[in-house]
Amino acid sequence: MILVATPCILLLYFVIKTLGERLFPDPQLPPGSLGWPLLGETLQFLPTRRSPNPGRFVSDRMKKYNPQVFKTSLFGETVAVFCGPAGNKFLFSNENKLVNVWWPTSVKKLMKLSLANVVGDEAQRLRKIFMTSVDRDALKSYIDRMDLVAQNHIRTHWEGKEQVKVHPTAMLYTFELSCPLFASIDDPIHISKLAHHFDIFRKGVIHFPIYIPGTTFYRASKSGDALKEEIRLVARQRRAALDKKMESHRKDLLSHLLVTADESGKLLSESEIVDNMLMLLTVSHESMTTTSAMTCVMKYLAELPEVYEMVLREQLDIAKSKEAGELLKWEDIQKMKYSWRVVSEVLRMIPPVSGSFRQAIVDFTYAGYTIPKGWKLYWSPNTTTKDPAHFPNAEDFDPSRYEGAGPAPYTHVPFGGGPRMCLGYEYVRPNILVFLHNIVKRFKWDLLIPDEKVPYNPMPAPSHGLPIRIQPHQSLA
């Protein structure tokens, strides 16, 4: 009887609690709707993340409930959505004090020991190890290699072509660049094999964690297992080479992770290295910002010929200052000021991510409402980037917004902020600018589908891949 009664009592408690939260909401909690039991509003949330307007879910509820904070239920969790620059500042400033990182179960299962999932002291430990390999000083030595990879990519995939699909080609480029920089994987066949698995894997990263053959999450799990085995094999071969002094620990990120200890002298375990390399290569393949930014920059440059001409003029001036065959250097990247303002405006118009999650680690009050410990928290750049209060004529493309001091703090946060700011921010900037330099000085282009939509899946990606017609510049053809 006890065995039968216990689950029945628990089920009854769950039903009463669930109905009570929905029928008699606590006025001390943020306003909003928890939707259906278990499902919540997940079925309304996911389609907007994959639409040309991923901010609609949040903006509609800001108008309906509260422009500062509202509650919802996603992936079986009660979620408080923080809005506007004040919400951004609060979350970014209170990491490891009131909040820490949280991702849906699918992320936790697919990238168990990665920086995406660890919190507190363990997150700080991992971040310190990573930052020494992707900080500005380290990146200065990468610029010539980036330039070389970009030139080889363009010769193979752009020159001699009349038409190119920008998004899949840019995604291939970012992966062709990341594999040698992160793990010294140069073989095109090996890179192609990894790219195939990553394309399947990334589609299930934020999804219902249903491990049944045929589901998106099941396919992602299988591809994740294959990728981990590939990374593990490369890591073991690299460790053997490092032990025999056959390779330098400065060769790439993988070598750095294999030999770098934390402050207590502890090295990363093989599982930590594999999961974090999986995370970084996944990010580079979908490239949280790089692929989508490259694609969307090319879309806007085709639509705005006056902006294209100014970018071209800046890049040609840099090209003319170089000797024949001389590769780009860090100093050249610093000269690309207008080009970076253009990229920044693209990141405002089409943010590279639609948002991310945190969780409350203590009870706290925000905007007059109680946020209970254990609640999940969500922020989205879309709550500020199109707000005329922060960006006058917000629908207009205007790179001059980034002159001088630029936008007000916490209004333009494409890379997040605080201790959880995107680890690859410094990497993304030269990556995009090196690619832009090599493309713009060689080609002009037209959109073959001028009104093509750019939905999120889960990052911004044109519906048809942004096909363009390219014309080489006569003087450089």
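Leu 39 belongs to the loop between α1 (2-23) and α2 (42-49). The structure is a predicted model, in which local features need pLDDT of at least 70 and side-chain atom pairs pLDDT 80 or more, while totals for chains, interfaces and linings use all residues. Residues are numbered from 1 along each chain as its sequence is written, and side-chain values use heavy atoms, without hydrogens and water.

Together with Trp 36 and Leu 43, Leu 39 forms a nonpolar patch on the surface, with about 350 Å² of accessible area.

## Salt bridges

The count comes to 19 salt bridges, each a side-chain nitrogen of Lys or Arg within 4 Å of a carboxyl oxygen of Asp or Glu. One of them pairs Glu 41 with Arg 61, the closest N and O atoms being 3.3 Å apart. Glu 41 lies in the loop between α1 and α2 and Arg 61 in helix α3 (residues 56-64), so the pair ties together parts 20 residues apart in sequence. Glu 41 is buried at 8% relative accessible area, and Arg 61 also counts as buried at 13%.

Lys 203 and Asp 199 meet in a salt bridge at 3.8 Å, N to O. Both lie in helix α10 (residues 188-203), four residues apart.

## Glu 314

Glu 314 is buried yet has no salt bridge; Arg 341, the nearest side chain of opposite charge, is 6.1 Å away.

Conventions:
Buried means under 20% relative accessible area, exposed over 50%, partly exposed in between (1.4 Å probe, protein chains only). Lys and Arg count as positive and Asp and Glu as negative; His and the chain ends are not counted. Patches are made of residues with over 30% relative accessible area and no salt bridge: like charges are joined within 9 Å, nonpolar side chains (Val, Leu, Ile, Met, Phe, Trp, Tyr) within 5 Å. Accessible areas come from the Shrake-Rupley method with a 1.4 Å probe; for residues, only the protein chains shown count as cover. Helices (H or I, at least four residues) and strands (E, at least two) are DSSP runs, numbered from the N terminus.
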